[in-house]
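Thanks for making the time today; I would like to walk you through how two chains meet in one model.

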Amino acid sequence: TMDVAAEDSDQMPSGFHAKAAAKAARLRREAAKLASAAALESPGGIESRPGEWAPTQSKLLRRVAVAARPGHFELSLQYGPYSVAYDTTGRLLALCGRGGHVAAFEWRQKRLMFESQVNEPCHALTWVGAGSTPQLAVAHSNWTYIYDAQGLELHCLKRLHKANKLFWLPRHWLLAACTDTGHLHWQDVSTGQTVASYCGHHGPLRVSALHPDSGCVLTGQPNGQLCIWTPLEKRPVVKILCCPAGVRAVATAPAGHAVYTLGGDSRLRVWDIRCLRPLSVSDNGADAASIRLFDAAPQLAVSQRGLLACPVRQGAALMVLPAGGAKPLLSHPSPGRLSDLAFCPWEDVLAFGHARGLGSVLVPGSGEPNPDGAVHPLSGKRQRREAEVRGLLDKLPPETIAPPAVGGGVNAVDAEGIEEALARKRAAVMALPSDEVRQFQPRRRSGKASGELNRKVGERWQRRRMELRQLLKSKKRVLAEMGDEGADAAGGRKTKKAKKISQSGELTKPATGTFLDRLIPKAD
Amino acid sequence: CLFPVLIDQLNTHWPMKVKLLLRNPQDYLRETADDIHKLARNPAPELHPMSAETEYVRALNAAKLERMFAKPFLGCFGDQGDQLSRVCMHPRALSLCLSGCVDGRVAFWNIPRRSRVLQLDAHSGCVQGLCWHPEQDLFYSCCDTDRTLKAWRVGDDLTEFSRPVSQRHLDFAPLNLDHHVSKDLFALSGDAVYLYDSRRSDPVGQWKWGSDSVLQARFNPTEWHLLAAVTKDNALLLIDTRQREPLRRIRCEFRQNALCWNPQEPFVLATASDDYNLYSWDARRLASPACVYRGHTNAAMDVDFAPTGRELVSASYDCTVRLWESGRSQSRDVYHTKRMYRVFAARYSLDARFIVTASADFNLRLWKARASEKLGALTPRERAAVNTAEALKQKYAHHPQVRRIVQHRHLPKRLYQAQLEMKAIRGKQRRKEVNRREHRGEDKEPFVPERDRHVRGVDE
């Protein structure tokens, strides 16, 4: 491609080149326009005076438009501590209670999709599938069930036994689960195939989170380790020691590389999953490695823009911390003991489940203002259907689930293949068959059917001798390429050519530019 | 107390600013039912994790879809009743072609309908040459048994004519025929290359090198005085009509069965050889072929360039038709059918989208040049999708999973075995050379590149 500005088009050698240059310039201009396009929405936020208290919900409601009111509501329900989950578009909210209450509704219009009593304690839930056919996976006390938008039970996943946390990987169409028995499961929801299901042998996995950018499951262990799991490995791929005491909570941002861990010492630490090192939390430098969360119960939620929500005062209230800050942005009392927190994607709303029901509060600045594609609350039915089909076509294989720290990926250099080729060449050089092996003659048998047997054995050894001959030849060739010093280093005999070169005083052959250059010993 | 007043004043003069993210649905919905749906765009990479993997999956899907839609065979033209010897495309009309039969019949075909429009009992023996006049509605046919060259006129209403417009008796047995691009000249190949003017009865020029007959002579479409010819004694001749003697003779190892000039590059020609290869030659440097196209498992009988000059099609005695990209020695595609026997002729249509083949099972067949191409109008979105798929496949062409899908072609068992056999033969030859070189040394047994192995010599 010609990388010349459009104004040089009159200096092009021909009309064809001028047209190509003009087209390239036009594409560059369009890309620049797209990249710098004024975004449609700007993020929310609170500008408060220094020293002012964090605002209450009533104060916020007085200062925002009426259209924001649906984000603030309270539901008093009786069936036990509730878990809440938003779907990826942010349009639907689902809840499940330990008393067996399962419900889903569109929270903006307060339109109930379904509500049922399953007569079993429900511990966790997640939306699965794409927005056009939303399905809800709920972890009951024994097995996991999948319900459709009308509340009909579609599937009972007996393999996901005693799951305490369910995760949805939208790009891989996988439902991942961590169980109290220490097992991990990855189930393909589009084909129904179990991608992986194994025992991690790291005790019950009660503290877990999903890293959405890579699809790995992170679990916190009582010995302070953070383990990263992938479906293809039955052992944690990465283990880092992140707390001096046990890990009480793990959370990840919906996008990006930050991992938040809450340790038994009540310290919140932020880690970079790419290099597995801590990220500093506060800007003022004081206690940069961690912040102290007194009386924090082990639930954490992170929003799209990095705001962190956690319960305080033993679940009696929730607190929202700004991204990279220690001073609370917002706090809100909870009618019951807090059991779950979830930020709504694409909106400045936070839902919390507690022992007496659930609630929703406004959190300015938590949602990503500009979505991409059809996965946002205002996309229509047709667009969601289209996005679902495209999502199925672009379904990634489970091999792509890998922690960023480990490296690899589709565009990575095939270092293993290169290493293998090098190892083969090295073996060809170093493995010199001994004389006795080369000159071995098989023992001749006698008796019935010995003629056939002798013939076969002879043929086999003939083939082996040919192989050894080839091996010798390739070693000679490689030694000749390596030159004088190489031959000496490898312990082999100098070839005639190498001897000639050394006698004539010529320089040894220069590097061939292939992998074999690595075998040439460096001049000391 | 002073303080409540102060606080009140502070509240009014310096109120807390709260901005909540609220979306206006009108920004996300289309205005009328005639508009397309709006799509939100944010190119920030945080919202597009695993984009390389997604692209790779799309490239893989594109490769798979291409193979799923690869159905190149369009149909048979109908049984001709006897073996077809020649196919000739009309120089100006897309939908017409001629075929010559071994029993002397010449048929006029409508390609889109795959139906025969007209049939003439042209000769008493095999029709050895067929070509159209470039401007007039006139075509020529020649036969070696009755040693005649006949000119036929076909009217607009395509009615049948039983007698030719003109007939010429030759004192040699013609083996092929070609008409000049613009002048009223045609070249007949028999025991020599004869140049005839349509207005004169005697040949205007005659060229010969050696004693063997000339199989085919073709005019260069750009250089009007240049002719190329292939002879029975494994030679390729280059002839300038302004000179008495041929310019060059390239002695090859095997017989070249057919030749074709590149319509876009004046100095490039391609030949189909008996040693299963095709060769493309640069007329400026004839010491060795510019490219060796290897793939057929039996003699290559015919070769034709696409009108774009970028692609070749070859017909082979091994019952396959192969398509090649100019300059790449591995074939892009291979066409075969259970019923197609030895293929003796293959021609590109004028728009480079279709291929017509004539084979020994008495049939003409129509194929697509691009096997997975959609025939018919493409909407702009379809075209964009096709272009994107093509670009993705090229980007990941080196990746093993994509490459194996893109390259793989199913072959019938006998053809596959023949291919393996050729591979084994070639491998054996190469290994032997390597061993010889190791034993005797580089100077006594130098490495000869593929290109230099096929030419015995060039004579001037």
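What follows is a short tour of the interface between chain A and chain B.

This is a predicted model, in which local features need pLDDT of at least 70 and side-chain atom pairs count only at pLDDT 80 or more, while totals for chains, interfaces and linings use all residues. Residues are numbered from 1 along each chain as its sequence is written, chains are lettered from A and ligands numbered from 1 in the order in which they are written, and side-chain values use heavy atoms, with hydrogens and water left out.

Taking contact as heavy atoms within 4.5 Å, 40 residues of chain B touch 56 residues of chain A. The two chains bury about 4300 Å² between them, 58% of it on carbon and sulfur atoms, where buried area is the accessible area (1.4 Å probe) lost on putting the two parts together, summed over both. On the chain B side, Met16(B), Leu21(B) and Arg23(B) lose the most area to chain A, together 18% of what that side buries.

Arg23(B) also forms a salt bridge with Glu347(A), with the closest N and O atoms 3.6 Å apart; the rule, a side-chain nitrogen of Lys or Arg within 4 Å of a carboxyl oxygen of Asp or Glu, finds four such bridges across this interface.

Finally, strand S1 of chain A, residues 45-47, is joined to S1(B) by three bridges and the two run antiparallel, with Lys19(B) as the bridge partner of Gly45(A). Strands here are DSSP runs (E, at least two residues), numbered from the N terminus, and two of them pair if DSSP finds at least two bridges between them.

Key
Helices (H or I, at least four residues) and strands (E, at least two) are DSSP runs, numbered from the N terminus.
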